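Dear colleague,

Please find the structure below, handed over for your records. My notes on what was found in it follow directly after.

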Amino acid sequence: MRQFDEELTALKQRILRMGALVETQVANAIKALVERDTELAKSVIVTDHQVNAYDVEIDEECIRLLALRQPTASDLRFITTAMKISTDLERMSDLAEDICERALELADEPQLKPYIDIPRMANWARTMVKEALDAFVNRNADLARKVCRDDAFVDDLTGQIFRELLSFMIEDPQTIRRAIRITFVAKYIERIGDHATNVAEMVVYLVEGKIIRHTTV
Amino acid sequence: MRSRSSFAIVTNNGCVSNMTEPIPALEVHDLDAWYGHTQALRKISLAIVEQRITAIIGPSGCGKSTFIRCLNRINDLIGGFRVAGRVLFQGQDLYAPDVDPIEIRLRIGMVFQKPNPFPKSIYDNVAYGPRLCGLKDPVRLDLLVEESLKKAALWDEVKDKLRRSALALSGGQQQRLCIARALAVEPEVLLLDEPCSALDPIATARIEDLLLDLKKNYTMVIVTHNMQQAARVSDSTAFFMLGQLVEFGPTSRIFTNPLEKVTEDYITGRFG
């Protein structure tokens with residue numbers, strides 16, 4: 001195997017490790033919210049620096065490969081994709097952290113209502129993240145396109161959650177503080193889905209050389 | 001930055017299709033070439049667009065030099081060489097029986113891999129072609145020599161030593177002198193066969209800048225082993241392998257998203 005191929009494989013491994021970490025963060029953030037587990041929420045927040053470190057390392061490695069290897073064709077697409085994917089993963093990690101912060105605030109007050117749609121939505125978003133990364137590993141453009149399509153469902157759920165919470169707030173202003181925080185959480189999850197979609201769109205570019213952003217799949 | 005508005009969209013089989021319709025300077029149709037019994041080119045068809053730089057890349061022995069040498073009939077000088085197919089230069093078949101190859105080589109100039117100035121003065125190197133064409137007037141010759149050296153971005157370095165031997169110049173200067181010599185006969189097309197392979201990076205960068213500058217007035221075809229060079233200077237890139245044209249298209253596409261697996265393997269260095 002050529003040295004360059006080894007470097008590309010190492011880069012891919014690093015993205016995957018970063019992705020696995022972010023997936024866990026998202027899962028734990030939702031678990032911390034639903035189970036009102038403040039210790040778990042705090043533990044997610046402290047892992048943020050690990051993700052940041054991955055983001056910087058991956059960027060540096062990509063820049064180094066661009067400068068020293070002058071990649072072309074699919075190698076070039078792989079490296080530019082890796083740079084963008086690491087940015088999206090880092091943002092997802094920040095959103096997981098935001099969910100945990102809201103979870104800590106919500107844990108101080110009585111529960112507004114049992115969480116039903118939030119975990120459902122979070123599961124979808126998590127699956128999108130996982131599938132986007134699987135699509136990246138296996139250069140699977142079909143799976144990536146599925147992820148892009150699935151985003152609509154997460155968006156719909158956000159709207160639904162908002163409407164439901166609005167009814168709580170209208171009925172009883174005492175719930176506003178909590179309802180707004182939960183609305184934020186829904187928005188964070190929706191953003192995680194958007195970042196997973198970005199990753200998936202980059203995978204289509206990686207495989208096919210086509211930029212599908214800002215188009216309907 | 002070059003304008004993309006009139007960029008040639010060249011399909012895989014070499015057909016040019018674009019709304020702004022770029023003008024082809026040279027159109028090659030089903031070109032075959034043989035050295036004796038060995039076939040060097042197989043059914044090459046492509047269009048070389050006016051005032052653009054077309055790069056020819058491919059592994060050694062793929063026929064890229066043979067190909068550009070067909071474009072000004074310089075291969076005619078090799079015993080046992082023959083071609084089939086057509087090379088149209090402004091609509092005229094270069095290989096038609098009534099075409100004078102000498103005249104073709106005046107209109108389609110060539111610069112070679114190794115700088116090959118004549119063992120004469122700098123001035124006489126540039127004046128050689130025009131003199132051969134019958135230009136005797138010393139005032140006009142002076143003007144032409146100056147103009148050609150300026151076009152080749154060499155004038156400022158040699159204007160005070162025009163009578164000195166060309167062989168005393170550095171490699172990069174010699175190569176620019178060869179470009180000036182080619183330009184002195186006022187060609188329309190310039191063929192460059194690995195013009196920078198014997199030069200250091202600084203001299204190479206100067207030649208590349210020069211080519212981009214000359215593009216305003218000349219059509220150029222460059223054969224290069226240096227893929228970064230093809231990526232830097234050319235508008236279209238043709239990839240040759242085993243005497244065949246594998247892929248031809250806008251350079252930006254060839255280097256980001258080639259259609260053919262072999263092209264991909266070659267430009268990413270995973271060849272063979």
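A salt bridge is counted here when a side-chain nitrogen of Lys or Arg lies within 4 Å of a carboxyl oxygen of Asp or Glu. This is a predicted model, in which local features need pLDDT of at least 70, side-chain atom pairs count only at pLDDT 80 or more, and totals for chains, interfaces and linings use all residues. Residues are numbered from 1 along each chain as its sequence is written, chains are lettered from A and ligands numbered from 1 in the order in which they are written, and side-chain values use heavy atoms, with hydrogens and water left out.

**The interface**

The salt-bridge rule finds two such pairs across the interface of chain B and chain A. One joins the side chains of B:Arg270 and A:Asp75, at 2.7 Å from N to O. In terms of contacts (heavy atoms within 4.5 Å), 10 residues of chain B meet 13 residues of chain A. The area buried between the two chains is about 890 Å², with 35% given by carbon and sulfur atoms; buried area is the accessible area (1.4 Å probe) that two parts lose on being put together, summed over both. B:Thr256, B:Asn257 and B:Arg270 supply 48% of what chain B buries against chain A, more than any other three residues.

**Chain A as a whole**

Chain A has seven helices and zero strands, where helices (H or I, at least four residues) and strands (E, at least two) are DSSP runs numbered from the N terminus. Its radius of gyration is 19 Å, close to the 17 Å that the globule rule gives for 217 residues, so chain A is as compact as a globular protein of that length. That radius is taken over C-alpha atoms, and the rule is 2.2 Å times the number of residues to the power 0.38. The C-alpha atoms fill a box of roughly 65 × 35 × 20 Å along the principal axes. Buried residues make up 50% of the 217 residues in chain A; buried means under 20% relative accessible area, exposed over 50%, and partly exposed in between (1.4 Å probe, protein chains only).

**Salt bridges within the chains**

Over all chains, the count comes to 38 salt bridges. In chain A, A:Arg120 pairs with A:Asp117, the closest N and O atoms being 3.0 Å apart. Both lie in helix H5 (residues 117-138) of chain A, three residues apart, about one turn of the helix. A:Arg120 is partly exposed at 40% relative accessible area, whereas A:Asp117 counts as buried at 9%. A network of salt bridges links A:Glu101, A:Arg102, A:Glu105, A:Glu109, A:Arg177, A:Arg178 and A:Arg181.

In chain B, B:Glu157 forms a salt bridge with B:Arg206, with 2.8 Å between the closest N and O atoms. This pair links distant parts of the chain, B:Glu157 being in helix H5 (residues 155-158) of chain B and B:Arg206 in helix H7 (residues 201-214) of chain B, 49 residues apart. B:Glu157 is partly exposed, at 28% relative accessible area, and B:Arg206 is partly exposed at 34%.

**Helices H6 and H7 of chain A**

A:Leu166 is placed in helix H6 (residues 141-171) of chain A and is partly exposed, with a relative accessible area of 35%. A:Thr183 is found in helix H7 (residues 176-208) of chain A. Leaving aside residues up to four places away in sequence, A:Thr183 touches A:Phe162 and A:Leu165.

Yours sincerely
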